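Trainee: I'd like to learn how to read salt bridges in a protein. Can you walk me through it with the one on screen?

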Amino acid sequence: MSMLLIKGSFRVDGGAEPDGDTLPFVPDDVADWKLVGGRARVVPKADGRAAVRLEGVDALETHYRKTGYGPERHQPRKLGHLAADALLKHLGFTSIDRHENETVTTVPVQVPGFILTSGADAYGRCIALAFDGSVRPPVYSGYEVAVDEDLMKRSANYRLVEDGLAYPMFYPGLPGYLRDLLRDAAREARNSAPPKGVWAEDKTTGGALIDGIGSITDDDTGVVILPKLFRRLKDYLDSGSGVTSLAGFSAYLAGAADEYRHLPDGRTKTGLHRLIEISEDGKTLRMTRSSDELLFLDK
């Protein structure tokens, strides 16, 4: 499977709020955005920039909000900020100043690099592998290239997972052999002594005690869980006034109808309720499989 190469710059200015898996990118030739296929078209701003969402990774949420599902929320900030700062440093930004409103000031404000993409998502974000300017592009901008393992290991995506600062999160746009690389890097980070990054605190499969929204958002006491699970749980807890119990969460997940497959070759299943267990007292939540064992299908 080949991916489209677009050469340009990563730019962080004008109130940008990059996190550990999303940041702005400006092609050298803005017309290159028209070459990106997928579920929606990439629509750049007037200066040519558009959001790039890193392929194959999911970093802790530093500012998440779904329209109609309550206020903006965040996961415990420490690890989310570490991932966001690491992403910027991997791409060549040398100084990072984070403000209380999650906007970031960097030096320099933009750095050269390139992305490799297999398309855009339903929100018009370009889903891509990101590379800093020290990596030599294997083809000219606007052409497609088959990504080998050596090139993948030089991507910011791989390095975040290798550092334990992002979870692997797989969708059909990433070939199986590249998923395997991220899976192995994640397991090595998780099984190291001590575990790296998020793995030192992760409660996704071990069990997270949930007692209201603060259980997953408080900077000091909030539990660290897979961001995809956080997003679903946040929306559920913010779906009505006074919702604190997990009693209706399984039904909520069934209604959301996320589709996925067990890797390597499982059949398509619908509903994340099939992947969670809630304790008899209704207070503890756990996923029965880690994210590196799953392939989520585009909705």
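Predicted model: local features only at pLDDT ≥ 70, side-chain atom pairs only at ≥ 80, totals over all residues.

Trainee: Which residue forms a salt bridge with glutamate 201?

Mentor: The general idea goes like this: side chains of opposite charge can pair when their charged atoms come close. Here the partner is lysine 78, with 3.3 Å between the closest N and O atoms. Lysine 78 belongs to helix α1, while glutamate 201 sits in the loop between α4 and β11, so the bridge ties together parts 123 residues apart in sequence. Lysine 78 itself is exposed, with a relative accessible area of 55%.

Trainee: Where do arginine 77 and glutamate 102 lie?

Mentor: Those two side chains also meet in a salt bridge, at 3.3 Å from N to O. Arginine 77 is in helix α1 and glutamate 102 is in the loop between β5 and β6, so this pair links parts 25 residues apart in sequence. Arginine 77 is partly exposed at 27%, whereas glutamate 102 is buried at 5%.

Trainee: And arginine 232, is that buried or exposed?

Mentor: Buried, with a relative accessible area of 16%; the cut-off for that word is under 20%. Arginine 232 forms a salt bridge with aspartate 258, and their closest N and O atoms are 2.7 Å apart.

Trainee: Which residues do salt bridges that share partners join into one network?

Mentor: That network is made of Asp21, Arg53, Asp58, Glu61 and Arg231. Across the whole structure, a search finds 24 salt bridges.

Trainee: How many positive and negative side chains does the protein have?

Mentor: There are 38 positive and 44 negative ones, and the centres of the two sets are 3 Å apart.

Trainee: Now zoom out for me. What is the radius of gyration of the protein?

Mentor: It's 19 Å, which agrees with the value near 19 Å for a compact globule of 299 residues. The fold has seven helices and 16 strands, and 51% of the residues count as buried. Among contacts with a separation of 6 or more, 64% come from residues 24 or more positions apart.

Notes:
Residues numbered from 1 in each chain as written. Heavy atoms only, no water. Salt bridge = Lys/Arg side-chain N within 4 Å of Asp/Glu carboxyl O. Helix = DSSP H or I, 4+ residues; strand = E, 2+ residues; numbered from the N terminus. Buried < 20%, exposed > 50% of the residue type's maximum accessible area, 1.4 Å probe, protein only. Rg over C-alpha atoms; globule rule 2.2 N^0.38 Å. Contact = heavy atoms within 4.5 Å. Lys, Arg positive; Asp, Glu negative; His and termini not counted. Charge placed at Lys NZ, Arg CZ, Asp CG, Glu CD.
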